Structures are given as structure tokens and as C-alpha cells.
Amino acid sequence: MTRSSRTTGPLLDVSACLLRAHVRSEKLHGWAIMKATKRSGPTVYGVLDRLEDRNWITGYWEDQDPGSSKPRRRFYRLTPEGLAGICDLLAERRPEALLEPTYRVPGFPVPGRRSVVPEGAG
Amino acid sequence: VSLWSLIWGVCSALAVNECCDLSPWAARKVACWSARLRYADSDRAETRAEELAAVIDERPGKLFKLITALCFAGGAIRVWIVRAAIRAWAARMTADVSLVSITPVGQVTLRKTIAVSALTAATAFAVLQAMPADTPTTSADTFTISLHATPGGSATGEAVVHHTANGWSVQLTVHGLKSLGPDGFYEDGYIRPGGQSVISAGTFTVGESGSETFISTSAADPRGSAMQIISERPGDAGQHGEVILAGAPALGSAI
């Protein structure tokens, strides 16, 4: 996200949510983000649009039985560029979010913290 | 309990039950419609339509599904209105008045674009308002147009327009214009009533003094039009530059 882009509360919330899912290797879809961030649907999808436009996240459809009549869910994951960008963004604007124990992102040590590694990776 | 009260109670319960059963279906429809309304990109719209249907499906509660879908619809309508307004501004600025350019696309943010559009629109509006409503000019063959600087400028000018056998001769006198360098130049043109088109009447440059007088001939009939002087700089190819001077024939200006 460039400096000219607006850094809003919902953007930080969704970013933190995506990062949390990334380090926990969780699958994250729109409704899960809405629940986790307690933000409305249009707000969350507005942020997802921005992140997708920046190539910070990428979406993929869930595997579904061919006979299923339910609409497919779309999951989101961070791209390498998005991971770096979100870590930088949160470190600058919401550093406390990176202090959560679950945020153990390789290569992005939090200032004042020990070096971090992904859970289960070492 | 009267018979009518009993019937009313049963019918109401049935109606509420039907509405509750209907609301998830309606919610999915509204969510899909919202996605298609919100996104101009058809691929993204279709992706989001299915995705929002899945969100509605996940949302617990029949009426909550509908409420969530209505939230999506509200957001989509807001985005659609903003997009339509921007499109209208852009159409007016580029197709009708052709006053906007100034900075190559991609180097300005949307807010700056809107601000520039608003400023130029205000300028064009002021020029057009200065023109009388119907036939904003004289039918005479010779008349003058006083040119005034747009906001922030200090240049002045006057055009004496004369109809000749070869077309319309324009004697343009300007003061206070900046020299635009070896590659820059000024262009004078006419804006038709309603701001529907801009017709070029010629180009010129000025020296360091900023004051010059030129005579040019144009086939375009300037009667009923406002005049504008715009600056063209290298890199403005294909676009109109910044409006420096603008004016309209004043009633009674016939010579």
C-alpha cells in the first residue's frame, strides 16, 4: 500500500486478520473476516478489493462437490508482496497487533522482540 | 376471541412464516444484484456475486441474511452513485467542455482529479453563465470579446472579431501571459453554448514581455460562443491544457 493510499481502521483490521490466518495457516473467507473484524460486509469487501488491486492478496474458490447446490466460498491468502506490505503497515500503524504471540512471521522481526518464526516451523 | 381475530392471527402467522422462508432466497438475490451493481468490472462482479451469495449462506438467521444482503445493497448503491457522478463529471469535462488534462492520468489521485474537474467546471460554468441564455452574442459582423483570467491568474486579453469574405478575422491582444518556452504555445478556441464542444481558432506564443497582438483567420463562426485561451505544453499531446483566459461576447459589444 503506497503512502498515498488511505490507511483506515478497517484496512488495519482486515490486514491483521489476514496476517493472523496466514501464520496459523487458516483458510479465510469473507464471512470469517466479517466475523473476526466485526466490520460490515461492504466495508470488508471494500478493503479486500483494495488489497486485491494491490496484489497483496489472492483469492481462490473452495473445492466443492459437483452436486452441491450451495454457492462456493472464496478464500483469501496473502501474497509474498502482501505479507511484506502488511507487516510493514502494521509495524508502522498498529505495532501492538504484531506483538500477539500468534504473529510469528519469518523475516519480519518486531522491534524490541525476539526473532520470530512461524508456529510449528522451528 | 372472535372468529375474525382467529382468522387474522392464523393468516398473520402464515404470512410471517412465508416471509421468513422467503427471506434467504431474497437475500441471495439481493446480494448478487449488489455485486453486479457495485463492480464495473464484469469478471469481478460475477466473482463477488457468487462470493456474497456464499456469505449470505453462511450468515445465521433468516432475517439476518436479508439484513446483511440489504447492507451490501446499500453499499453498492452508494458506490454506483459515486461512480456515476464521476463518470458524468468526466464525460462533461472531456467530451463536452474538453478543459481537463493538466496532468497525465496515473500521476494524480482520484481526489486531485475531482478537484481539478470541479475547478475547471466552475470556470467553464462561470464563462457560460456570463453568456446570455439564448443567443449569447450579437449578430453583428464585428464585435469584441473581453478575456479574463481564470482563478489564480492575472493575464488579460481582448479579441476583436470581424467577419470577412475569407472567414472570421480575430485580432487578439493579450497581456500578462507567461512565456511557455520553445515547445509550449497558447491556443485560442471557442466554446459552444452548453459547453458541448471546443473549436480551435489558432495557436500563438508570447515573448518575455507577455504582451502580444495577433491576427488570425478562422472559418469557425464565433458568434454565440465563449472564447478561451489555453496553454499547451510538451506532453499535452491530444489533450487540452490549462485554461488561462476566458470570456464571452458582451451584449452591445458590436462595433
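Author: A cavity here is a set of grid points where a 1.4 Å probe fits but cannot get out. Keep in mind that this is a predicted model.

Reader: OK. How many cavities of 30 Å³ or more does the structure hold?

Author: Four.

Reader: And what volume does the second largest cavity have?

Author: About 50 Å³.

Reader: Which residues line the second largest cavity?

Author: From chain A there is Tyr45(A). From chain B there are Ser34(B), Ala35(B), Arg38(B), Tyr39(B), Arg48(B), Leu52(B), Phe72(B) and Ala76(B).

Reader: Which elements give two or more residues to that lining?

Author: H1, H2 and H3 of chain B. H1(B) gives the most, with three residues.

Reader: How does the lining of the second largest cavity split by class?

Author: Six residues are nonpolar, one is polar and two are charged.

Reader: Back to Tyr45(A). What is Tyr45(A) in contact with, leaving aside neighbours within four places in sequence?

Author: In chain A, Tyr45(A) contacts Gly30(A), Met34(A) and Tyr76(A). Across in chain B, the contacts of Tyr45(A) are Arg38(B), Tyr39(B), Arg48(B), Glu51(B), Leu52(B), Val55(B) and Phe72(B).

Reader: Now the cores. Which residues touch the most other members in the largest nonpolar core?

Author: Tyr45(A) again, along with Leu18(A), Leu19(A), Ile33(A), Leu48(A) and Leu51(A). That core has 41 residues.

Reader: What about a second core?

Author: There is a separate one of 22 residues. Its members include Ala155(B), Val161(B), Tyr190(B) and Ile244(B).

Reader: Switching to chain B as a whole. What does its secondary structure come to?

Author: Four helices and eight strands.

Reader: How much of chain B is buried?

Author: Of its 255 residues, 38% are buried.

Reader: Last one: what share of the chain B contacts between residues at least 6 apart in sequence join residues at least 24 apart?

Author: 62% of them.

Definitions and conventions: Residues numbered from 1 in each chain as written. Chains lettered and ligands numbered in written order. Predicted model: local features only at pLDDT ≥ 70, side-chain atom pairs only at ≥ 80, totals over all residues. Heavy atoms only, no water. Core = buried A, V, L, I, M, F, W, Y, C linked by side-chain atoms within 4.5 Å. Buried < 20%, exposed > 50% of the residue type's maximum accessible area, 1.4 Å probe, protein only. Contact = heavy atoms within 4.5 Å. 1 Å grid on protein atoms, 1.4 Å probe; cavity = no way out; pocket = protein on both sides within 12 Å on 5 of 7 lines; lining within 4 Å. Points joined across faces, edges and corners; volume = space filled by probe spheres on them. Nonpolar A, V, L, I, M, F, W, Y, C, P; charged D, E, K, R; others polar.
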